Amino acid sequence: MNWLNAFIIANLIGIGSNLDNTSVGIAYGIQKIKFPHRINMVINLLGACTALLGAYMGEVISHYTSLNTAQFVSCAVLCGIGSFTLYSAYLHPLIYKRTSKVELHRPGIKQGVLLGIGLSFTNVASGFSATIANSATLWTTVISIAAWGYIMIFLGNIIGIGIVSKLFGKYSSLAAGFLLIGVGVHQIM
């Protein structure tokens, strides 16, 4: 696999894993709360650690499986994450018909750690699936996920403060789900 293909896959995984970060940035931006850069760094440091864990597990397991098996596992993991993203954003609220009013305040370190943990679950699986299929190296995947995590919260906050938030915020989970499923299908092609 050439370096350009690995670079593109790592960035697509980084973007797909972190579109939920955009929603967090938008949510704070809609309330006119500027998301602190140091809290964004805390969140994405946790994201890098979880991505490293997943990528390392994927790299170790890839030595014991065939390339075809690894590609199918990678596809299943990414499609599963994408499907779960779509389910949790669209089907779950329709099924349970629960809505709640959440009041946001400027996040501190404690909220940053909690957001980091909450936003990092997909990073483990994304890192795992990227390295098990040999589509990207361990460090390329980890750096991509962490960098895109920071960028997506920052951009989401800017978008949320601006006019575009209503349109983009409504469809970010849909885009994230389909992007991850698309990358998963690409793994077996």
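**Entry 1: Leu53**

I began with Leu53, which I located in helix H2; helices (H or I, at least four residues) and strands (E, at least two) are DSSP runs, numbered from the N terminus. The model is a predicted one, in which local features need pLDDT of at least 70 and side-chain atom pairs count only at pLDDT 80 or more, while totals for chains, interfaces and linings use all residues. Residues are numbered from 1 along each chain as its sequence is written, and side-chain values use heavy atoms, with hydrogens and water left out.

I noted that Leu53 counts as partly exposed because its relative accessibility is 47%; buried means under 20% relative accessible area, exposed over 50%, and partly exposed in between (1.4 Å probe, protein chains only). I also looked up Phe128, which lies 75 residues from Leu53 along the chain, and found their C-alpha atoms separated by 7.9 Å.

**Entry 2: Val60**

I found Val60 in helix H2 as well, which spans residues 37–62. Val60 counts as partly exposed because its relative accessibility is 32%.

**Entry 3: the cores**

I then turned to the largest nonpolar core, which has 10 residues, among them Ile9, Ala51, Ala130 and Ile145. Such a core is a set of buried Ala, Val, Leu, Ile, Met, Phe, Trp, Tyr and Cys residues joined through side-chain atoms within 4.5 Å. Helix H1 (3–30), H2 and helix H6 (138–161) each supply at least two residues of this core, and H6 gives the most, with four. I recorded a second, separate core of nine residues, including Val24, Ile33, Leu115 and Leu119.

For Ile145, leaving aside neighbours within four places in sequence, I listed contacts (heavy atoms within 4.5 Å). Among its partners are Ile13, Ser17, Gly47, Ala51 and Asn123.

**Entry 4: helix H4**

In helix H4 (residues 109–119), I found Gly112, Leu115, Gly116 and Leu119 buried. Seen down the axis of H4, these buried residues fall within an arc of 105°, so they line one face of the helix; the arc is that of the directions from the helix axis to the C-beta atoms. An α-helix has 3.6 residues a turn, so residues three or four places apart point the same way. On the other side of H4, I noted Lys110 and Leu114 as exposed.

**Entry 5: the whole chain**

I counted seven helices and zero strands in the protein chain. Buried residues make up 43% of its 189 residues. Among contacts between residues at least 6 apart in sequence, 92% join residues at least 24 apart.
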